[in-house]
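Reader: I would like to learn how to read the packing of helices in a model. Please take one feature at a time, with the general idea before the case.

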Amino acid sequence: MASPEEMIKQCIYMLQVIGEDSTIPRNVRKVADETVKILSDESKTTGFRASSALSKIDDVSSDSNLPINARTKVWEIASALEAIPFN
């Protein structure tokens with residue numbers, strides 16, 4: 001199993017892919033960019049960053065305009081963030 005920091009790096013990468021995909025609605029790309037900033041803030045604990053990011057991702061996962069391929073990626077990111085221990 002990957003370390004929490006490695007999992008955050010993987011989530012950042014997936015969010016960057018979403019943020020650069022022009023087929024995804026602008027509001028979703030904006031949330032992806034904001035979430036990358038949250039996850040990149042190393043002044044906070046990994047658990048706090050994951051929890052904050054999960055909150056943002058959860059809101060966008062129910063967006064009716066979100067394409068199914070992007071929705072799958074968002075769910076994958078959410079699952080990875082849920083696996084990071086909050087300590």
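Reader: Is the crossing of α1 and α4 left-handed or right-handed?

Author: One point comes before that: this is a predicted model. Handedness describes which way the near helix is turned from the far one. Here α1 and α4 make a left-handed crossing.

Reader: Which residues of α1 and α4 make the contact?

Author: On the α1 side they are Met7, Cys11, Met14, Leu15, Val17 and Ile18. On the α4 side they are Lys73, Val74, Glu76, Ile77, Ala80 and Leu81. Sorted by class, the contact of α1 with α4 has 10 nonpolar residues, 2 charged ones and no polar ones.

Reader: At what angle do the axes of α1 and α4 cross, and why are the two helices called roughly antiparallel?

Author: The axes of α1 (residues 4–20) and α4 (residues 68–82) cross at roughly 160 degrees and come within 10 Å. An angle over 145 degrees counts as roughly antiparallel. Therefore α1 and α4 are roughly antiparallel to each other.

Reader: How do α1 and α2 pack?

Author: The reading goes the same way. The axes of α1 and α2 are 8 Å apart, and the helices pack at an angle of about 155 degrees. α1 and α2 are therefore roughly antiparallel to each other. The crossing in which α1 passes α2 is left-handed. From α1, the contact uses Ile8, Cys11, Ile12, Leu15, Gln16, Ile18 and Gly19. From α2, it uses Val28, Arg29, Ala32, Asp33, Thr35, Val36, Leu39 and Ser40. By class, the contact of α1 with α2 has 9 nonpolar, 4 polar and 2 charged residues.

Reader: What is the angle between α3 and α4?

Author: The axes of α3 and α4 cross at roughly 155 degrees and come within 9 Å. α3 and α4 are therefore roughly antiparallel to each other, and α3 passes α4 in a left-handed crossing. The residues that α3 brings to this contact are Ala50, Ala53, Leu54, Ile57, Val60 and Ser61. Those of α4 are Arg71, Val74, Trp75, Ile77, Ala78, Leu81 and Glu82. The contact of α3 with α4 divides into 10 nonpolar, 1 polar and 2 charged residues.

Reader: How should I read a nonpolar core, and which residues touch the most other members of the largest one?

Author: The general idea is that nonpolar side chains tend to be buried together in soluble globular proteins. In this structure the largest nonpolar core has 25 residues. Leu15, Ile18, Leu39, Ile57, Ile77 and Leu81 touch the most other members. The elements giving two or more residues to this core are α1, α2 (26–40), α3 (46–61) and α4. α1 gives the most, with 7 residues.

Reader: Where is Ile57, and is Ile57 buried or exposed?

Author: Ile57 is in helix α3. A residue counts as buried under 20% relative accessible area. Ile57 has 2%, so Ile57 is buried. Leaving aside neighbours within four places in sequence, Ile57 is in contact with Leu15, Thr35, Val74, Ile77, Ala78 and Leu81. Ile57 and Thr23 are 34 residues apart in sequence, and their C-alpha atoms are 18 Å apart in space.

Reader: What does Lys56 look like when read in this way?

Author: Lys56 is also placed in helix α3. Lys56 has 30% relative accessibility, so Lys56 is partly exposed. Beyond four places in sequence, Lys56 is in contact with Val31, Glu34, Thr35 and Ile38. The C-alpha atoms of Lys56 and Glu34 are separated by 8.4 Å, and these residues are 22 residues apart along the chain.

Reader: Where is Ile84, and which residues is Ile84 in contact with?

Author: Ile84 lies in the segment after α4. Its relative accessible area is 6%, so Ile84 is buried.

Reader: Which residues does Thr46 touch?

Author: Thr46, in helix α3, touches Pro4, Glu5, Ile8 and Ile84, not counting residues up to four places away in sequence. Thr46 is buried, with a relative accessible area of 18%. Thr46 and Pro85 are 39 residues apart along the chain, and their C-alpha atoms are separated by 8.1 Å.

Key: Residues numbered from 1 in each chain as written. Predicted model: local features only at pLDDT ≥ 70, side-chain atom pairs only at ≥ 80, totals over all residues. Heavy atoms only, no water. Axes fitted to C-alpha atoms, helices over the stretch in contact; angles between N-to-C directions. Helix = DSSP H or I, 4+ residues; strand = E, 2+ residues; numbered from the N terminus. Parallel < 35°, antiparallel > 145°, perpendicular 65-115°, else oblique. Contact = heavy atoms within 4.5 Å. Nonpolar A, V, L, I, M, F, W, Y, C, P; charged D, E, K, R; others polar. Core = buried A, V, L, I, M, F, W, Y, C linked by side-chain atoms within 4.5 Å. Buried < 20%, exposed > 50% of the residue type's maximum accessible area, 1.4 Å probe, protein only.
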